[in-house]
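Please open the structure in your viewer and keep the selection panel at hand.

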Amino acid sequence: MYDKEHTEFRKIKRQELSRKLFETFRRHQVVGDCVRKAGGQWVVQPDPFVDEWSKEDYGFLIKCLEETLDTGGAVFGAFREGNLKGFASVDGRPLGSRGQYLDLTSLHVSEEMRGLGIGRKLFAMAAAWAKGHGGQKLYISSHSAVETQKFYEAMGCVDALECSEKHVRQEPYDRQLELDLAGYPDTGGKDETDRTVWEEHVL
């Protein structure tokens with residue numbers, strides 16, 4: 001479990017978004033097995049590769065997060081001794097034929113901090129924000145690595161009933177998931193209340 005006393009979870013402001021913010025963040029994942037669809041079912045197949053972000057990747061990420069905030073979304077961060085160690089973002093623009101989804105556009109934890117519960121808490125904060133801002137479901141275009149799939153399954157996600165053509169086109173190997181927000185308390189978009197409710201309900 002992460003050190004609660006020295007780990008701060010909060011919203012990230014637009015003016016904070018710079019390469020410096022990610023100086024101590026390590027996006028490095030050694031992938032062995034992935035899920036692939038075969039015969040209408042998801043199966044585990046070996047597909048080894050290393051996923052590591054370049055300088056250009058971080059530049060693109062920052063632009064995406066800026067757009068998220070500029071269009072009414074939210075970005076949450078986990079900080080350890082002032083250094084960013086995890087982040088999640090939710091797009092504020094409705095997605096889906098009925099506008100039923102809000103899109104979890106990113107969720108990442110620095111390599112050395114994985115497995116400590118930081119991702120779960122960031123996910124809870126993002127889901128709470130989506131619920132409080134009118135989302136019926138949270139949409140996730142998820143990395144196909146087995147470890148990633150186990151995480152989202154543990155959080156209650158299932159295959160999306162309606163897939164985003166944009167996401168499928170951009171990331172054809174991603175698995176399109178959703179989290180049904182029905183039945184969870186409607187906190188009216190108050191972020192601190194959202195966080196407390198979802199920590200009790202999901203964590």
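**Stop 1: a hairpin**

Begin with Gly39, which adopts a positive phi near 60° in the hairpin of E2 and E3, where two residues lie between the strands. Please bear in mind throughout that this is a predicted model. Next, select Ala38 together with Gln41 of E3, its bridge partner. Now widen the selection to both strands: E2 and E3 run antiparallel and are joined by ten bridges.

**Stop 2: a loop residue**

Select Arg19, which is located in the loop between strand E1 (7-11) and E2. Is Arg19 buried, partly exposed or exposed? Its relative accessibility is 39%, and therefore Arg19 counts as partly exposed. Arg19 and Tyr58 are separated by 39 residues in sequence, yet their C-alpha atoms are 7.0 Å apart in space. With neighbours within four places in sequence set aside, Arg19 is in contact with Tyr58 and Ile62.

**Stop 3: the nonpolar cores**

Turn now to the largest nonpolar core, which has 27 residues. Select Val90, Leu104, Leu122, Phe123, Leu138 and Tyr152, the residues with the most contacts inside this core. Strand E4 (74-80), strand E5 (83-90), E6, H2, E7 and strand E9 (175-180) each supply at least two of its residues. Which of the elements gives the most to this core? The answer is H2, with eight residues.

Centre the view on Leu104. Residues up to four places away in sequence are not counted here; Leu104 touches Ser89, Val90, Phe123, Ala126, Leu138, Tyr139, Ile140 and Tyr152. Another core, of 13 residues, lies apart from the largest one, and its members include Ile12, Tyr58, Ile62 and Leu84.

**Stop 4: the largest pocket**

Finally, display the largest pocket, whose volume is about 1,800 Å³. It is lined by 50 residues, and those closest to its centre are Thr105, Ser106, Leu107, His108 and Ser141. To see where the lining comes from, colour the following elements, each of which supplies at least two lining residues:

- the strands E2 (28-38), E3 (41-52), E6 (101-109) and E7 (137-142);
- the helices H1 (55-70), H2 (118-132), H3 (146-154) and H4 (165-170).

How many residues of each class does the lining have? Coloured by class, the lining of the largest pocket shows 18 nonpolar, 17 polar and 15 charged residues.

Definitions and conventions:
Residues are numbered from 1 along each chain as its sequence is written. This is a predicted model: local features need pLDDT of at least 70, side-chain atom pairs count only at pLDDT 80 or more; totals for chains, interfaces and linings use all residues. Side-chain values use heavy atoms; hydrogens and water are left out. On a 1 Å grid over the protein atoms alone, a cavity is a set of points where a 1.4 Å probe fits but cannot get out, and a pocket is an open set with protein on both sides within 12 Å along at least five of seven lines; lining residues have an atom within 4 Å of a point. Grid points are joined across faces, edges and corners, and a volume is the space filled by probe spheres set on the points. Helices (H or I, at least four residues) and strands (E, at least two) are DSSP runs, numbered from the N terminus. Ala, Val, Leu, Ile, Met, Phe, Trp, Tyr, Cys and Pro count as nonpolar, Asp, Glu, Lys and Arg as charged, and the others, Gly among them, as polar. A nonpolar core is a set of buried Ala, Val, Leu, Ile, Met, Phe, Trp, Tyr and Cys residues joined through side-chain atoms within 4.5 Å. Buried means under 20% relative accessible area, exposed over 50%, partly exposed in between (1.4 Å probe, protein chains only). Contact means heavy atoms within 4.5 Å. Two strands pair if DSSP finds at least two bridges between them.
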